[in-house]
Amino acid sequence: MSFLLAQGMTGGYGSVDILHDCTIAVEAGEIAVIVGPNGAGKSTAMKAVFGMLDIHSGSVILDGEDITALSPQDRVAKGMAFVPQTNNVFPSMSVEQNLEMGAFLRRDDINKTMEEVYELFPILREKRRQNAGELSGGQRQQVAVGRALMTQPKLLMLDEPTAGVSPIVMDELFDLIIDIARTGLPILMVEQNARQALNIADKGYVLVQGRNRFTDTGQALMNDPEVRKSFLGG
Amino acid sequence: MELLNALALLSNYVLVPALAYGSQLALGALGVTLVFGILRFSNFAHGDTMAFGTMVTILFTWWFQSMGIHLGPLPTALLAMPFGILFCAAYVLATDRLVYRFYRSKRSDPVIYLIASVGVMFVTNGIVRFIIGPDDQNFADGERFIIKAGEFKKLTGLSEGVSIKLSQGITVITMFIVVALLFWFLNKTRSGKSMRAYSDNEDLALLSGINPDRVVAITWILAAALATIAGTLYGLDKSFKPFTYFQLLLPIFAAAIVGGLGNPLGAIAGGFVIAFSEIMITYAYKRVIAYLVPGDWVPDGLIQLLSTDYKFAVSFVILLLVLLVRPNGIFKGTGV
Amino acid sequence: MRNLVYFLIISALIVLVGQFQSWNLALSILNLCIISAIMALGVNIQWGYAGLFNVGIMGFAALGGLAAMLISMPPVREAWSAGGLGIAGGIVALILTVLCAVFSYRKMRGTRFRTLIVVLVSVVGYFVLRSFFDPASDAIEKVNPASSGYLGGLGLPILLAWPVGGVLAGAAAWVVGKITLGLRADYLAIATLGISEIIVAMLKNEDWMTRGVKNVVGLPRPVPYEINLQQSDWFIQLAARLQTDPVTFSSIFVKICYAGLFGVVLLLVLYLSEKALRSPWGRMMRAIRDNEVSSEAMGKDVKARHLQVFVLGSMVVGIAGAMLTTLDGQLTPSSYQPLRFTFLIWVMVIVGGSGNNWGAILGGFVIWFFWIESEPMGIWLMNTLTSQMDSGSALRAHLIDSAQHMRLMTMGLILLLTLRFSPRGLIPEKNAHH
Ligand SMILES: Nc1ncnc2c1ncn2[C@@H]1O[C@H](COP(=O)(O)OP(=O)(O)O)[C@@H](O)[C@H]1O
Ligand SMILES: [Mg+2]
């Protein structure tokens, strides 16, 4: 049984459905990647997994437990962490306070986790007194991921963590994500840079108009001529 | 000597009253700005919330007085204020439950909240007038003055006295205590931090496990407490009249906007900016000038920039100036 | 069809008042219903068409009232000779100051001292105009303070004041709108609240212009006076033919005349509003309201449209304000209460149906009717409820005294309940998008 299994999700923001019978699974200790054209519903699928919009059919099962009916906060308590695509930091709070807010639900000592986050993202230690809103795009993404890690999640969900950063920073971020995955934390990630993402993915999903179009291992999708032609630019 | 007399005169009629009035406006504006930062709308009912909390305080004051409970030289109202806060918080939470929560769940446009708050204002106003009546109520007891003008004159030998009313002293001290507590709460406690986070980025606060209902409830309780304190202090200093509290909306909003809606520090600064401008512009400087220039230079008129009848115009003009020059306020409205 | 029933019901209610209370009362309710309906139409233009929240209706209505007085009262020659020149000088100084301030604001764009210079120009100008105004207004207020003490008006027919009131209100709206539109909706609301407080403060305190709280009474009427009617033969004959007492009938007749005049204005405003709503302009307005961002992207200058609509709506309110003062026959600045003039109108618009002109009119009629009739009802209710109590009981006296405040609460509740359970009002907007 997969660690996360979101099965047959159908739903959207209002009367119109964006997702149609969409299924996404993440195995323990693996990276799963969702790719697809703009507006395909990738972000919407992530929000649905996190309980941020109503799905009228389908279910979400985390670690064997049905969490379909839980609110986002309750899912945080169950060990899910989500870094949204936009507005993913508290701009007028310092980097350190951002991390603290990530650990909001924890009652134990958070210093150790914060130390781990600073090891992972050394630049954040340097800037820890600065307001997150004043940081560069790449640094802000690091704050966002760091905030998510502060919950000591059992599943990390990232929506386009490399959007809007320079290629060099992007490579760095990918490396960091691989580092995180090596610690055994399962990751569900949406990516624009399909090629690079599928390269590090154990499992890949190609979403088109809210439906699963292709599902396979990252490598297999990279080699699939049809996927290459339509989604990886040849 | 003459200079000192002029200064004493200014202190007596400008500095001291403006400090007290500024503290009252600052506390009022803090309430408005907190609600704006968290719930994202300008609460038109805030003036009447102040009236409600003050009314309960007055009722308890009367009750205590009738039982012979007094605070010695201090006004009994200080003892009654916690009860005012309690009732006011309960009332405000009830309005949230019955009115605003519905629009929150629908994620309505801010202007809908605005109209709803006008409705709440109406109802609150009606309740207050129904219970305590529309007339002036004086509920200050205890000592009247910390220092009387006569004592000051004797003490300093000046011909102008400075008198400080007890209510003015209490106002300023209370303001400092309340502001210190509020900032400690916002910056150091878990609940306070969750409020700041919620105000900064609502969706991300949810993703961090912050319970929005809790944040909203805390905000309303704080707003009710601030409103009751501001209203009681204003009532002690001047007097309590429901309509005056409705009229305080304008300077309070002006203070909050001047400081940047949603910014607590700005609200405090804004309160003092408005209070000092209002009092300085409506003060007649003739006697001050008389101390400073030779006798035959003293002008005939009162040298009053604006009659006190137009004190609201001062808030208004400052408001428009700020909107023209810096729509986000001096301190930039960034959230709680 | 349902709408027709609503209007029939409210007409029937007014007729019932005529039958059981008095026709005089019924007609005065009707007249105020019509004026309220016109104000509600004005607010509906702003809120229903464009989503603008105006909390300063009272001020715009007061400007209309001011116009009625300024146009119709005969000039006080003595006062004019005492201070007319000074006032004129003051007005010239005011205009020059504003022009200079605006000019330097425009010219100094981008320089660091702009704000400082503009403030400086305004302050200097302010002192200059005060040096004209102060002595002049003192002199004017000394002229027969008991009976005049003000400049009087232009002595023109009062009907002329209706459009002039509209223009005055429109001008004030333009200034406020120019500054606050395009910013958050809250700012417009607060600024309109502020301007209305200031306008009313001005009416109360500028005695040289309005006699302040001493009121200006006896404004000339656009309709005949009762006393003249009672003495004219044709009227006495008419009364005889209708078998009524000429004295009672004369006051009814006067009210009917007013109702006729007001009705014409109402129909005119309604016709124009409906036409505007159906025109491409109206469709564009609603498109902007329902989806501001995308219309902006489509290249429509949202702010300019909003300014237009805000000024137009305020003009209608100003006209209604002038009509109200005409009906009262006097300008009483202290009668301008925000609860009565601003918030009551809002209840009318929301209850009637925002965005629908017929709804606004219905709201105006219904709410005004209940506003008037709720007072006797409240007192009756309180009397009944407390009838078991000891007649000397202080609580009973207090409750009966407080009955009038129940009206505020009731209006607030009506507003909240409508907003919550029937946000589109009695007569919803046709093909609304939300
Ligand atoms: N908050 C929202 N409300 C309504 N529709 C939305 C919202 N966010 C996205 N959509 C719509 O949902 C569809 C999918 O969007 P999204 O999930 O953001 O796509 P992707 O992330 O794949 O680019 C788009 O058609 C978009 O217009
Ligand atoms: Mg997306």
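**A helix pair, then the rest**

Modeller: Start with two helices of chain C. The axes of helix H16 (residues 357–385) of chain C and helix H17 (residues 394–421) of chain C come within 8 Å and cross at roughly 140°. Axes are lines fitted to C-alpha atoms, for helices over the stretch in contact, and angles run from 0 to 180 degrees between N-to-C directions.

Biologist: What does that make H16(C) relative to H17(C)?

Modeller: Oblique. Angles under 35 degrees count as roughly parallel, over 145 as roughly antiparallel, 65 to 115 as roughly perpendicular and the rest as oblique. This is a predicted model, where local features need pLDDT of at least 70, side-chain atom pairs count only at pLDDT 80 or more, and totals for chains, interfaces and linings use all residues. Residues are numbered from 1 along each chain as its sequence is written, while chains are lettered from A and ligands numbered from 1 in the order in which they are written.

Biologist: And how are helices and strands picked?

Modeller: They are DSSP runs, numbered from the N terminus: helices are H or I with at least four residues, strands are E with at least two.

Biologist: Which residues of H16(C) and H17(C) make the contact?

Modeller: H16(C) uses several, including Trp371(C), Gly378(C) and Met382(C). H17(C) brings others, among them Leu399(C), Ala403(C) and Arg407(C). Two residues are in contact if their C-beta atoms, placed from the backbone, lie within 7 Å. By class, there are 7 nonpolar, 5 polar and 2 charged residues. Ala, Val, Leu, Ile, Met, Phe, Trp, Tyr, Cys and Pro count as nonpolar, Asp, Glu, Lys and Arg as charged, and the others, Gly among them, as polar.

Biologist: Switching topic. Which chains share the most contacts?

Modeller: Chains B and C, out of 2 pairs of chains in contact. Chains A and C have no contact, and their closest C-alpha atoms lie 13 Å apart.

Biologist: How many residues do chain B and chain A each put into their contact?

Modeller: Chain B gives 16 and chain A gives 17. On the chain B side, helix H7 (190–200) and helix H8 (202–207) each give two or more. H7(B) gives the most, with 5 residues. The chain B side divides into 5 nonpolar, 7 polar and 4 charged.

Biologist: What about sheets in chain A?

Modeller: One open sheet has 6 strands, in the order S6-S7-S8-S3-S9-S10, with mixed pairing. Two strands pair if DSSP finds at least two bridges between them.

Biologist: Why is one side of S6 and of S10 left without a neighbour?

Modeller: Strand S6 (80–83) and strand S10 (211–217) of chain A stand at the edges, so each has a single partner strand. S6(A) runs parallel to strand S7 (residues 155–159) of chain A, joined by 4 bridges. Val83(A) has Leu158(A) as its bridge partner in S7(A). Helix H6 (residues 137–149) of chain A packs on the sheet and touches S6 and S7. Its direction makes about 170° with that of S6(A).

Biologist: And S1(A), what does it pair with?

Modeller: S1 (residues 4–11) of chain A joins strand S4 (residues 55–62) of chain A by 6 bridges, antiparallel. Gln7(A) stands opposite Ser59(A) there. S1(A) also pairs antiparallel with strand S2 (residues 19–26) of chain A, over 5 bridges.

Biologist: Last one. Which residues are around ligand 1?

Modeller: Among them are Tyr13(A), Asn38(A), Lys42(A) and Thr44(A). A residue counts as near if its C-beta atom, placed from the backbone, lies within 6 Å. The shell has 3 nonpolar, 6 polar and 1 charged residues.
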